[in-house]
Amino acid sequence: MNDTIILVEELKQNWKALFFEIQKSQRFKFDLFSETFSHTYELLSKHFTESSLDKSYIELIAEAYLFANIKDDSLGSKALAAFILTERMLNCCAFNASSSAVETAPVYIFEARKDVMLNFTNVNESINKLEKIFEKTYWDTLNS
């Protein structure tokens with residue numbers, strides 16, 4: 001079996017595991033997310049300019065999309081940051097009709113009324129940026 005096919009299947013299973021762990025246990029596994037996100041971005045950015053993708057890639061994108069669209073504020077700011085980072089990466093790498101891959105993308109955080117540049121190659125930095133904004137926004141709403 002081709003190494004890429006094995007990697008795609010493994011990534012699909014990881015996205016499913018992240019989704020079901022949150023649904024079942026209300027727990028977010030950041031280490032698994034970080035590894036899965038990085039490999040997914042790397043894989044999708046290699047195939048960014050192709051006009052069609054193998055069915056397994058579509059299934060991978062679907063699993064990541066399901067994860068990105070979890071709506072549960074009780075999980076904390078790190079999980080919320082992961083959802084937003086995943087959604088933005090998919091938007092740039094899988095759903096965008098542009099002809100070039102991007103490593104960074106802006107995201108507008110409505111609650112904070114702020115634009116933030118996210119770096120898809122540095123998961124920890126992007127998660128930390130988003131997490132700080134969400135925590136500051138949370139404390140600002142408590143103090144107002």
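Q: Which method and which probe give the accessible areas?
A: Accessible areas come from the Shrake-Rupley method with a 1.4 Å probe, and for residues only the protein chains shown count as cover. The protein chain exposes about 8,500 Å². Carbon and sulfur atoms supply 50% of that area.

Q: What kind of model is this?
A: This is a predicted model, in which local features need pLDDT of at least 70, side-chain atom pairs count only at pLDDT 80 or more, and totals for chains, interfaces and linings use all residues. Residues are numbered from 1 along each chain as its sequence is written, and side-chain values use heavy atoms, with hydrogens and water left out.

Q: How many helices and strands does the protein chain have?
A: There are five helices and two strands in the protein chain. Helices (H or I, at least four residues) and strands (E, at least two) are DSSP runs, numbered from the N terminus. Starting at the N terminus, the order of the elements is α-α-α-α-β-β-α.

Q: How much of the chain counts as buried?
A: Of the 144 residues, 40% count as buried. Buried means under 20% relative accessible area, exposed over 50%, and partly exposed in between, with a 1.4 Å probe and protein chains only.

Q: And what share of the contacts joins residues at least 24 apart?
A: Among contacts between residues at least 6 apart in sequence, the share is 62%. Contact means heavy atoms within 4.5 Å.

Q: Now the strands. In which sense do β1 and β2 pair?
A: Strand β1 and strand β2 (residues 114–119) pair in the antiparallel sense, over six bridges. Two strands pair if DSSP finds at least two bridges between them. T104 stands opposite N119 in β2.

Q: Which side chains of β1 are buried?
A: The side chains along β1 (residues 104–109) alternate.

Q: Moving to the core: which residues touch the most other members?
A: In the largest nonpolar core, which has 41 residues, these are F33, F37, F67, L85 and L130. A nonpolar core is a set of buried Ala, Val, Leu, Ile, Met, Phe, Trp, Tyr and Cys residues joined through side-chain atoms within 4.5 Å. At least two residues of this core come from each of α1 (3–25), α2, α3 (55–68), α4 (77–93), β1, β2 and α5. Helix α4 gives the most, with 10 residues.

Q: What is F33 in contact with?
A: Leaving aside its neighbours within four places in sequence, F33 is in contact with W15, L18, F28, F67, A82, L85, T86, V123 and I127.

Q: How many aromatic pairs are there?
A: The structure holds 12 aromatic pairs. Rings of Phe, Tyr and Trp (its six-membered ring) pair if their centres lie within 6.5 Å; planes under 30 degrees apart count as stacked, over 60 as edge-to-face and the rest as tilted. The pair of F19 and F20 is edge-to-face, because the ring centres are 5.4 Å apart and the planes stand at 80°.

Q: Why is the pair of Y41 and F120 tilted?
A: The ring planes of Y41 and F120 are at 40° and their centres 5.5 Å apart, so the pair is tilted. This pair links distant parts of the chain, 79 residues apart: Y41 is in helix α2 (residues 30–46), and F120 is in the loop between β2 and α5 (123–143). Both Y41 and F120 are buried.

Q: Which residues do ring pairs link into a cluster?
A: The cluster consists of W15, F28, F30, F33, F37, Y41, F67, F83 and F120. K78 lies over the face of F30, at 4.4 Å from the ring centre. A charge sits over a ring if NZ of Lys or CZ of Arg is within 6 Å of the ring centre and within 35 degrees of the ring normal.

Q: Next, Y57: buried or exposed?
A: Y57 counts as buried, because its relative accessibility is 7%. Y57 belongs to helix α3. Not counting residues up to four places away in sequence, Y57 touches T4, V8, L43, L44 and H47.

Q: What about S56, which residues does it touch?
A: With residues up to four places away in sequence not counted, S56 touches V8 and K12. The C-alpha atoms of S56 and V8 are separated by 6.8 Å, although these residues are 48 apart along the chain.

Q: Last one: where does Q26 lie?
A: Q26 lies in the loop between α1 and α2. Its phi is near 55°, a positive value in a residue other than glycine. Q26 counts as partly exposed, because its relative accessibility is 41%.
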